[in-house]
Amino acid sequence: MLLLSFFVTKGCDASVLLDDTGTLKGEKNALPNKNSLRGFEVIDTIKSALEKACPSTVSCADILALAAREAVNLVRHQFLTIWNIVFNI
């Protein structure tokens, strides 16, 4: 899969996945993201499994991009299935 990005970011492009530390307030719990983002446990589970299989190889940004792609595919498939049922295609 080739993923192209045509914008410049300052910092991690998956910074919403950063947890709080003793010296850092992560974006995951930052006020603008409170009660808006969810599913972190899914990404954390995927990251843990990948780290066991191939340590320090796959970034959280990679996981987030692939998870977003798969979510779109799931929704698209559901939409197409509903479309086929409604219009008897």
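1. Helix 1 buries Phe40, Ile43 and Lys47, where buried means under 20% relative accessible area. These residues lie on the same side of helix 1, because they cover an arc of only 65 degrees around the axis; the arc is that of the directions from the helix axis to the C-beta atoms. On the face turned away from this buried side you will find the exposed residues Glu41, Thr45, Lys52 and Ala53, exposed being over 50% relative accessible area with a 1.4 Å probe and protein chains only.

2. Some background before going on. This is a predicted model, in which local features need pLDDT of at least 70 and side-chain atom pairs count only at pLDDT 80 or more, while totals for chains, interfaces and linings use all residues. Residues are numbered from 1 along each chain as its sequence is written, and side-chain values use heavy atoms, with hydrogens and water left out.

3. Now for the overall make-up. The protein has two helices and zero strands; these are DSSP runs numbered from the N terminus, with helices (H or I) of at least four residues and strands (E) of at least two. Of its 89 residues, 13% are buried.

4. A pocket here is an open set of points on a 1 Å grid over the protein atoms alone, where a 1.4 Å probe fits, with protein on both sides within 12 Å along at least five of seven lines; lining residues have an atom within 4 Å of a point. Among the lining residues are Phe40, Ile43, Leu64 and Ala67. Helix 1 (40-53) and helix 2 (60-87) each supply at least two lining residues, and the largest share, three residues, comes from helix 1.

5. Finally, aspartate 20 sits in the segment before helix 1. Aspartate 20 is partly exposed, with a relative accessible area of 35%, partly exposed being the range between buried and exposed. Not counting residues up to four places away in sequence, aspartate 20 touches Lys25, Gly26 and Asn29, a contact meaning heavy atoms within 4.5 Å.
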